[in-house]
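Have the sequence and the 3D view open side by side.

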Amino acid sequence: MHEYSIAYDIYTTARRAALENNAKEIKCVSIDVGKMAMVNPEQVEFLFNIIIEDDPLFSNARLSCRDIETRTRCSCGYEGDERFVCPQCGKLPQIVAGMEIVVTNIEIEVDEE
């Protein structure tokens, strides 16, 4: 169940960034999830919500997941979404996007001073 470790990593990343910026509350954590990341985003979101239950910093937080389409590039110059065989030369193209899981934004609330 690697979704749990991913959800926990998202939690710790957001918590650390919020504390470093003197946040009183985290509103939203945005992540990009590649379609080839072999992760179920709904399960990550479910587990994230369980992990944050007892942390007051996350009392009204939500996780926003954005799907990232697969993009490939081949040495022959092809760029597109074919993952297994380059339609121009028949070689195996290199995946350049669509395998990542990245925290892209953390929306926080800070005290006005």
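Start at Cys 86, which is buried, with a relative accessibility of 3%. The model shown here is predicted. Cys 86 sits in the loop between strand 4 and strand 5 (94-97). Which residues does Cys 86 touch, not counting residues up to four places away in sequence? They are Cys 74, Cys 76, Tyr 78, Lys 91 and Pro 93. Two of these names return in the database record.

UniProt, in an unreviewed entry, lists Cys 74, Cys 76, Cys 86 and Cys 89 under "binding site". The four span 16 residues in sequence, yet no two of their C-alpha atoms are more than 8.7 Å apart, so they gather at one spot. The annotation comes from the UniProt record and may be inferred rather than shown by experiment.

Now look at Cys 76. This residue lies in the loop between strand 3 and strand 4 (79-80). Is Cys 76 buried, partly exposed or exposed? Its relative accessibility is 37%, so Cys 76 counts as partly exposed. Cys 86, by contrast, is buried at 3%. Leaving aside neighbours within four places in sequence, Cys 76 is in contact with Cys 86, Gln 88 and Cys 89. Cys 86 and Cys 89 are also on the UniProt list.

Step back to Thr 72, in strand 3 (residues 71-73). Thr 72 is buried, at 2% relative accessibility. The cut-off for buried is under 20% relative accessible area. What does the side chain of Thr 72 reach at 2.8 Å? It reaches the backbone oxygen of Glu 82. Glu 82 is also one of the contacts of Thr 72, with neighbours within four places in sequence left aside. Others in that set include Tyr 78, Glu 79, Gly 80, Asp 81 and Arg 83. Further along the sequence, Pro 93, Gln 94, Ile 95 and Val 96 are in contact with Thr 72 too. Tyr 78 and Pro 93 were among the residues that Cys 86 touches.

Turn next to the charged side chains. How many salt bridges does a search of the whole structure find? It finds 7.

One of them pairs Asp 55 with Arg 15, and the closest N and O atoms are 2.7 Å apart. Asp 55 lies in the loop between helix 2 (41-51) and strand 2 (62-68), and Arg 15 in helix 1 (residues 2-20), so the bridge ties together parts that are 40 residues apart in sequence. Asp 55 is buried, with a relative accessible area of 7%. Arg 15 is partly exposed, at 29%.

Another salt bridge joins the side chains of Lys 24 and Asp 111, at 3.8 Å from N to O. Lys 24 belongs to strand 1 (residues 23-34) and Asp 111 to the segment after strand 6 (101-110), so this pair ties together parts that are 87 residues apart in sequence. Lys 24 is partly exposed, with 45% relative accessibility. Asp 111 is partly exposed as well, at 48%.

Finish with Glu 25. Its salt-bridge partner is Lys 27, with the closest N and O atoms 3.5 Å apart. Glu 25 is buried, with a relative accessible area of 12%. Lys 27 is partly exposed, at 28%. Where does Glu 109 come in? Salt bridges that share partners join Glu 109 with Glu 25 and Lys 27 into one network.

Conventions. Residues numbered from 1 in each chain as written. Predicted model: local features only at pLDDT ≥ 70, side-chain atom pairs only at ≥ 80, totals over all residues. Heavy atoms only, no water. Salt bridge = Lys/Arg side-chain N within 4 Å of Asp/Glu carboxyl O. Helix = DSSP H or I, 4+ residues; strand = E, 2+ residues; numbered from the N terminus. Buried < 20%, exposed > 50% of the residue type's maximum accessible area, 1.4 Å probe, protein only. Polar contact = N/O pair within 3.5 Å; in protein donor to acceptor, adjacent residues only side chain to side chain. Contact = heavy atoms within 4.5 Å.
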